[in-house]
Amino acid sequence: TAAMIFEEDLAEGRAQLVIRPELREFFPDIIEDQGSTLSELRGCEHLQSLAVWRVIREALSDEATSDWHDDWNSSWAKG
């Protein structure tokens, strides 16, 4: 959602996309809110089709997610 709302600012470098696991919705009965691992997010065709995919990819990089990606992938992503 943030990538779409702030698309112009992100594309022009006026904003930085920061992804944090604390900022999420999780509803196990709604497929789009069930959570995805980082590899699933990186391979998501919907995200890749966004105009600011480069910015999203950087925000999902191992470097950008280093302090939380292990916990996210092992348990947080799926609930």
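A: Let's start with D9, which is in contact with R14 and A15 once its neighbours within four places in sequence are left aside; contact here means heavy atoms within 4.5 Å. Before going further, please keep in mind that this is a predicted model, in which local features need pLDDT of at least 70 and side-chain atom pairs count only at pLDDT 80 or more, while totals for chains, interfaces and linings use all residues. Residues are numbered from 1 along each chain as its sequence is written, and side-chain values use heavy atoms, with hydrogens and water left out.

D9 sits in helix α2, which covers residues 7-11. Helices here are DSSP runs of H or I with at least four residues, strands are runs of E with at least two, and both are numbered from the N terminus. With a relative accessible area of 26%, D9 is partly exposed, since buried means under 20%, exposed means over 50%, and partly exposed is what lies in between, using a 1.4 Å probe and protein chains only. The side chain of D9 also makes a polar contact of 2.6 Å with the side chain of R14. A polar contact is a pair of N or O atoms within 3.5 Å; within protein, one must be able to donate a hydrogen and the other to accept it, and residues adjacent in sequence count only if both atoms are side-chain atoms. Looking across to V52, 43 residues away along the chain, the C-alpha atoms of D9 and V52 are separated by 9.9 Å.

From here we can follow the charges. The structure holds six salt bridges, each a side-chain nitrogen of Lys or Arg within 4 Å of a carboxyl oxygen of Asp or Glu. One of them joins R14 to E12, with the closest N and O atoms 2.2 Å apart. Another brings together the side chains of D62 and R42, at 3.0 Å from N to O. That pair links distant parts of the chain: D62 is in the loop between α5 (53-59) and α6 (69-74), R42 is in helix α3 (residues 38-42), and the two are 20 residues apart. D62 is partly exposed at 49% relative accessibility, and R42 is partly exposed as well, at 28%. R54 and E58 both lie in helix α5, four residues apart, which is about one turn of the helix.

In soluble globular proteins, nonpolar side chains tend to be buried together. A nonpolar core is a set of buried Ala, Val, Leu, Ile, Met, Phe, Trp, Tyr and Cys residues joined through side-chain atoms within 4.5 Å. The largest one here has 13 residues, and L10, L17, V52 and I56 touch the most other members. Helix α5 supplies the largest share of this core, four residues. I56 is in contact with A3, L17, L47 and L50, leaving aside its neighbours within four places in sequence.

Two threonines are worth a visit too. T65, in the loop between α5 and α6, is buried with a relative accessible area of 0%. T65 touches L38, R42, A59 and L60, not counting residues up to four places away in sequence. T37 is found in the loop between α2 and α3 and is buried at 16%. A polar contact of 3.2 Å joins the side chains of T37 and S39. Not counting residues up to four places away in sequence, T37 touches W72, N73 and A77.

To finish, here is the whole chain. The protein chain has six helices and zero strands. Of its 79 residues, 23% count as buried. Among contacts between residues at least 6 apart in sequence, 58% join residues at least 24 apart.
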